[in-house]
Amino acid sequence: MNEFKYSLDKSSKKFICPSCGKRRFVRYINQITNEYLEEAYGRCDRETSCGYHNNPKQNECIAIVNIERINLIPDFIDPILVKQSLKKYSNNNFAKFLHKHFAKDEVENCIAKYNVGTSKHWEGATVFWQINQTQKVHTGKIILFDENTGKRVKIPFPHINWVHKKINKDKYNLKQCLFGLHQLKSSIAMPLQYNCNTIAIVESEKTAIIMSLFIPEYLWMATGSKQNLKLQLLEPIKNENIVVYPDKGEFNDWNTKVTELQKQGFKIKCSSIIENSDFETGTDLADIYFAMKKNASKNKVEIVLSETEKKIQMLSKINPSIISLIETFDLIDEKGNGIRKM
């Protein structure tokens with residue numbers, strides 16, 4: 001079996017990036033000695049905002065002989081920890097942010113559906129649990145949000161941690177899964193009970209939860225990072241209809257991955273709706289919907305419908321699922337403009 005002598009470390013360990021100073025740096029490792037190369041060699045996973053990548057020269061191909069590849073059994077977290085976190089939402093900044101923008105019962109149902117937890121790691125912190133389709137808990141991501149803006153707290157440092165690190169499990173073998181994957185439990189014996197039978201995937205857990213409130217017809221999940229749009233995480237939903245919504249600036253990368261997944265039999269599409277918008281780089285789908293909501297309340301003007309939109313409005317009264325189809329496939333009207341949801 002041939003491999004390169006040096007490769008990026010496949011563990012979850014991160015170092016300080018020599019360029020941006022964030023702890024998002026993945027170092028190169030010597031495949032033969034299993035030792036890290038010098039600190040300058042590696043790649044920052046903040047590919048859009050940093051982009052630092054220094055790969056070792058003369059990275060020759062080597063033959064790996066007589067080495068057994070062992071697929072380590074993933075570790076899981078005791079579900080009692082999830083249950084213990086499902087409380088004290090009055091002290092959960094993310095929950096308080098949601099209550100500012102959505103109805104009380106909608107927020108409570110959404111929090112319950114996604115098993116959103118509260119953490120004592122930081123005052124007001126949230127836990128996003130990664131629970132798979134068989135209800136096993138892979139880990140939990142702890143994040144502190146600003147209760148007014150809904151943005152992550154990054155000063156004086158990025159407030160992100162992991163439950164499996166916090167409980168000090170020795171040699172924890174983390175195998176991540178999609179956030180929201182646990183919702184598939186009801187589809188084992190029957191099809192998904194959603195209008196368009198569609199799974200929508202975004203990058204952040206926060207965005208998945210918010211979009212489930214804006215568009216509850218879809219089953220919203222999150223990769224948790226740009227790099228996590230990959231076969232290993234999407235394998236459990238291979239037979240479902242999937243649409244991914246990359247953040248602004250990430251379309252090319254995700255679209256390339258989607259093309260590869262299509263070749264492997266996935267029914268998956270990459271939406272360009274965010275990439276083609278006028279919003280700044282880094283904008284996600286929830287940002288756009290909040291902006292639309294804000295503008296709608298400020299500018300209540302009569303909307304002039306195109307002929308196609310008039311027909312769609314009439315058809316939707318007969319079959320409401322047509323709206324979901326339009327959103328899924330980014331359909332356009334007779335003039336090449338996007339069809340708006342009325």
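Q: How many helices and strands does the protein have?
A: This is a predicted model, and the secondary structure in it comes to 10 helices and 15 strands.

Q: What order do the strands take in the open sheet of four?
A: The order is β13-β12-β14-β15, and the pairing in this open sheet is parallel. The edge strands, each of which pairs on one side only, are β13, covering 219-222, and β15, covering 267-270. From one strand to the next, the twist averages 25°.

Q: And over how many bridges do β12 and β14 pair?
A: Strand β12, made of residues 198-202, pairs with strand β14, residues 241-244, over four bridges in the parallel sense.

Q: Which residue in β14 does isoleucine 199 stand opposite?
A: Isoleucine 199 has isoleucine 242 opposite it in β14.

Q: Which strands do helices α5 and α7 lie across?
A: Helix α5, residues 205-214, lies across β12 and β13, and its direction is at about 170° to β13. Helix α7, residues 251-263, lies across β12, β14 and β15, running at about 160° to β15.

Q: Switching topic, what share of the residues count as buried?
A: Of the 342 residues in the protein, 42% count as buried. The accessible surface comes to about 19,500 Å², and 51% of that belongs to carbon and sulfur atoms.

Q: What about contacts between residues 24 or more positions apart?
A: Among contacts in the protein with a separation of 6 or more, residues 24 or more positions apart account for 61%.

Definitions and conventions: Residues are numbered from 1 along each chain as its sequence is written. This is a predicted model: local features need pLDDT of at least 70, side-chain atom pairs count only at pLDDT 80 or more; totals for chains, interfaces and linings use all residues. Side-chain values use heavy atoms; hydrogens and water are left out. Two strands pair if DSSP finds at least two bridges between them. Helices (H or I, at least four residues) and strands (E, at least two) are DSSP runs, numbered from the N terminus. Axes are lines fitted to C-alpha atoms, for helices over the stretch in contact, and angles run from 0 to 180 degrees between N-to-C directions. Contact means heavy atoms within 4.5 Å. Buried means under 20% relative accessible area, exposed over 50%, partly exposed in between (1.4 Å probe, protein chains only). Accessible areas come from the Shrake-Rupley method with a 1.4 Å probe; for residues, only the protein chains shown count as cover.
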